Amino acid sequence: MSWKTGKTLAAALAIGGIAVTGAADAQLKAIKTATSISPAERKQGTDAHPQLMAEFGGAYSGAQAAYVNRVGQNIAVQSGLSRSPSDFTVTLLNSPVNNAFAIPGGYVYVTRQLMALMNDEAELAGVLGHEVGHVAAQHSKKRQKAATRNAILGVLAQVVGGAIGDNGGVLGGLGGLVQNNAMQVAQYATLGFSRSQELEADQLGVQYLRSAGYDPLALSTMLTSLANQTTLDARLSGGDARSLPEWASTHPDPASRVRNAQTLASRAGGSGGNRNADAFLASVDGVLYGDDPAQGVVEGNEFIHPDLRLKFAVPNGYGMQNGAAAVSISGNGGQAQFSTAAYNGDMNAYIAAAFKAVAGNTAISPGAIQRTTVGGIPASYSTARVNSQSGQVDVTVFAYEFSRSSAFHFVTLTKAGGGTVFNSMFNSVRRLSAPEAAAIKPRRIDVVTVGRGDTMASLARRMAYSNYQTERFQVLNRLTASSRLTPGQKVKIVAYATR
């Protein structure tokens, strides 16, 4: 979380994972694709690009970014949208979410987290080719015509939409913190492609792989890794406060698409072609993995921000998702966001502004502001009761004055009278000491060579996690319990790095 004051597009755009149950060869057909990038599409992409960059942590810089750009431009020109690689802007995003997407205008994106899950250059090309395929087949445009409302909403909006039901009111503020121009982005890059559109994008991705000289099976092996990661994430969510990645929850069961992608590859000429594993592993070596400490980190049920020198803990059973401008918290008892805004020493005005941001077009009347102290930090809070389509709900703003020019706050949404569920969270906010902040280290991918005597277990013990070390190691390297490691083989581990 970069913690910039303001609103954000709380969206997650996925590498498609809609289940495709029919046989791929029965559904293959000639796909009508766009033949060029129109001026209107170029403008759409240019307008949307800054919003997406802000939401997904900005661009990841360095040699990895240049490598991804080269691979992405090479695969994108296979689409026929343009013969010039420079017409495509391919961005490696500094995001800890497994994600990839493309929007009209020649803009293609992949997160560093998804890159870390890959094992060769062909898989990277396959993912980017799949996303370019969605654009070439004009799937977003088709989705816009059929959509009855925007498919991209904030994390809270998806959870509590049935309870509030007013995108211009409480839901619009708390659920998405979405600006008008950010909502326009949602029209160009929509979630939830249909089963047939996912298959079409897979088909195009495989064709692009073949025409670029890559192994067309690479898309199926990447989908295998995604399926394995989804399974692991489901296990981790039981003991970790981080909720499932957006692509996994909105595009379920990538495992069902692996066989289809294999069939597509067979129809495209079978296996063979470049995988370029060594070049890819050399590039991914050292890439940041998981949360960037500069944006805050989720560790168990705690959110810790070393640069802002603060931390808090969510109640047991609640999920936490770190975003570009807010941490979203969700559970059966309510929803919340933790963020910051401009502060000039007037806490009353700060809280009033927070309520106004939440209310949107809905009139709400907060109660009297109460004063308290949490961990030695001056704090103030107020609650407003709001009528919704499914009954009354309580909206609470709980704010903390860290200095005369710096404040942070929770906004929580619960059923009327249920606000006490977040009392432990409100009271958990603490300042970090300098040693505590310095102790928080980033994790990075470390490509190592298997030596004589190395085993799956010995390498897994080097993973910078206290739980599921073996499972994490296997998923990261697309291995199984029966896989055999050989001396000289290169594998990825996740290790702590010095800041």
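Gly333 counts as partly exposed because its relative accessibility is 35%, which falls between the 20% limit for buried and the 50% limit for exposed. The model is predicted. Gly333 sits in the loop that links strand E9 (327-331) and strand E10 (334-340).

What does Gly333 touch, leaving aside residues up to four places away in sequence? The contacts are Tyr318, Thr414 and Val421. Phe422 is 89 residues from Gly333 in sequence. In space, the C-alpha atoms of Gly333 and Phe422 are 8.8 Å apart.

## A three-stranded sheet

An open sheet is built from 3 strands, in the order E4-E16-E17. Pairing in this sheet is antiparallel. Strand E4 (288-289) and strand E17 (490-496) are the edge strands, and each pairs on one side only.

E4 and strand E16 (residues 443-449) run antiparallel and are joined by 2 bridges. Across this pair, Leu288 stands opposite Arg444 of E16. In general, the strands of a sheet pair through backbone hydrogen bonds.

## Helix H19 across the sheet

Helix H19 (residues 469-476) lies across E4, E16 and E17. Relative to E17, H19 runs at about 130 degrees.

Which residues of H19 are buried? They are Arg472, Phe473, Gln474, Val475 and Leu476. Their cover includes the strands E4, E16 and E17. Helices also contribute to it, among them H4 (112-117), H11 (218-236) and H18 (456-460). Just after H19, Arg478 adopts a positive phi of about 50 degrees.

## The chain as a whole

The chain has 19 helices and 17 strands. Of its 499 residues, 55% count as buried. Among contacts with a separation of 6 or more, 71% are between residues 24 or more positions apart. The accessible surface is about 19900 Å². Carbon and sulfur atoms account for 48% of that surface.

## Confidence

The average pLDDT of the chain is 81, and 78% of the residues score at least 70. Over residues 3-27, however, the pLDDT is below 50. That stretch has 104 contacts in the model beyond near neighbours in sequence.

Residues 244-252 also stay under 50 in pLDDT. For them, the model has 31 contacts beyond four places in sequence. Where pLDDT is low, predicted coordinates should not be read in detail.

How values were computed: Residues numbered from 1 in each chain as written. Predicted model: local features only at pLDDT ≥ 70, side-chain atom pairs only at ≥ 80, totals over all residues. Heavy atoms only, no water. Pairing = 2+ DSSP bridges. Helix = DSSP H or I, 4+ residues; strand = E, 2+ residues; numbered from the N terminus. Contact = heavy atoms within 4.5 Å. Axes fitted to C-alpha atoms, helices over the stretch in contact; angles between N-to-C directions. Buried < 20%, exposed > 50% of the residue type's maximum accessible area, 1.4 Å probe, protein only. pLDDT = per-residue confidence, 0-100. Areas by Shrake-Rupley, 256 points an atom, 1.4 Å probe, with all protein chains shown as cover.
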